[in-house]
Amino acid sequence: MTLTDLLGDATGSADSLQAFSVWPATATEEGGGRVLLAGVPLADIAEAHGTPVYVLDEAEIRDRCRTYRAAFAGADVHYAAKAFLCRGLVRLVEEEGLGLDVCSAGELELAVTAGFPPERILLHGNAKSPADLDTALRLGVGRIVIDSPTEIARLAAAVGPRGHQKVMLRVTPGVGAGGHTKIRTGTDDQKFGLSLRDGHAQHAVARVLRRPQLELTGLHCHLGSQITEVKPYLTALRRLVGLMARIRDVHGVVLPELDLGGGHGIAYRPGDPVLDPTALARRLRTALAESCDAAGLPVPRLLVEPGRAVVGPAGVALYRVLAVKTTGGRTFAAVDGGMSDNPRPALYGVRYAPRLIGRHSTAPAVPTTVAGRHCEAGDVLAEDVGLPADLRPGDLLAVPVAGAYHLSMASSYNLVGRPPVVAVRDGAARLLVRRETLEDLRARDIGL
């Protein structure tokens with residue numbers, strides 16, 4: 001039975017269907033509040049693997065990869081590994097024909113040792129360590145995105161006089177966009193890139209071009225995260241094409257690539273705005289052709305780097321309720337996870353739409369704050385969300401849109417191990433990442 005089949009059912013009201021709008025497309029609900037993902041009951045996963053646990057819908061990820069490839073036909077789509085990375089996901093992304101962008105030697109090593117072609121990988125980072133650069137050169141990474149003037153000399157020295165490395169230059173185009181001030185990276189007042197406005201980007205271009213072992217293939221920018229409008233991308237595109245025209249006029253060099261990064265917004269709660277990749281691709285392609293025609297430039301190859309938009313909506317986090325209490329006029333449901341497995345609400349004020357699963361409740365919904373288990377007042381996963389008034393210890397809560405920036409940002413705060421990741425597909429579940437145990441944590445502590 002699909003969600004559509006539940007119209008008119010007590011557990012499948014219009015409100016229930018709306019609540020499932022941000023879930024993976026394979027989500028279904030049976031009688032008694034039994035929720036399945038790709039045909040696998042979520043309560044069974046919680047029973048088999050414990051909680052908290054992340055569940056990834058493989059079909060949802062593949063579908064989103066294919067949507068991007070179709071929308072950006074003729075362009076390169078690189079999955080932003082910082083959103084979430086594991087060996088199983090590396091293989092899936094490679095099978096779907098996407099490239100990768102990574103931010104560290106660790107992400108790069110994992111990808112290459114899992115079989116990903118290094119020539120289809122970009123390395124980012126505003127402060128790449130010597131180990132990051134050495135690893136990239138040793139493994140033959142496709143592009144290194146230069147982020148500062150210091151990096152030019154350091155990279156050239158690491159490549160050596162007889163070596164060769166393709167590079168891009170990260171430019172801040174002076175465009176502010178994103179869902180929170182802490183995730184806006186296209187303006188001049190933050191740590192990333194080289195400013196277009198004050199001339200630092202142009203100066204860096206000249207320095208790169210004087211290094212024969214570095215091949216400048218294009219410009220790169222990343223405006224921020226959770227961007228839900230096309231306009232900021234169009235503004236950045238036009239400014240970067242203008243810089244490409246100046247590079248041609250001053251240096252006689254025509255750059256063949258233009259990378260507009262990612263940051264494509266998704267919905268965390270029903271009704272949230274989203275960025276449609278198909279509409280974005282169509283308008284970017286038109287603007288790029290028009291801007292290049294006006295500047296007398298050939299149209300460069302376009303690159304984009306979605307991360308959250310590929311894997312975020314494919315994930316569901318499961319928690320077990322440990323305690324319920326009312327204090328100060330507020331109802332709190334404390335669960336067995338929190339900011340160690342999802343720091344985003346504490347960092348950015350992100351809001352989610354948790355749902356009771358595993359049983360059907362006829363109790364009215366009451367404003368409930370889902371609190372984490374950690375010793376911080378700010379350890380809150382969802383504030384004042386509607387949950388049944390009869391919520392009780394032992395209940396399961398599911399938090400959708402948990403595929404991005406959860407495990408990748410997780411910690412072992414209070415020495416609580418990080419959760420496992422389980423993939424589901426066609427009625428079967430398989431473990432991708434095991435739970436971090438107390439033994440794992442003890443093994444790092446080598447003595448007094």
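How many bridges join strand β2 (residues 34-37) and β3 in their antiparallel pairing? The two strands pair over two bridges. This is a predicted model, in which local features need pLDDT of at least 70, side-chain atom pairs count only at pLDDT 80 or more, and totals for chains, interfaces and linings use all residues. Residues are numbered from 1 along each chain as its sequence is written, and side-chain values use heavy atoms, with hydrogens and water left out.

**Sheet**
- Three strands form an open, antiparallel sheet in the order β1-β2-β3; strands are DSSP runs of E, at least two residues, and helices are runs of H or I, at least four residues, both numbered from the N terminus.
- Two strands pair if DSSP finds at least two bridges between them.
- β1 (28-30) and β3 (40-41) are the edge strands, each pairing on one side only.
- L37 stands opposite V40 in β3.

**Nonpolar core**
- A nonpolar core is a set of buried Ala, Val, Leu, Ile, Met, Phe, Trp, Tyr and Cys residues joined through side-chain atoms within 4.5 Å.
- The largest such core has 129 residues, and W23, L42, F72, Y79 and L219 have the most contacts inside it.
- Helix α9 gives the most to this core, with 10 residues.
- Beyond its neighbours within four places in sequence, F72 is in contact (heavy atoms within 4.5 Å) with residues including V77, P277, L280 and V304.

**A245 in helix α9**
- A245 lies in helix α9, which spans residues 231-251.
- A245 has a relative accessible area of 10%, so it counts as buried (under 20%; exposed is over 50%, partly exposed in between; 1.4 Å probe, protein chains only).
- Not counting residues up to four places away in sequence, A245 touches A295 and L297.
- The C-alpha atoms of A245 and L255 are 9.2 Å apart, with the two residues 10 apart in sequence.
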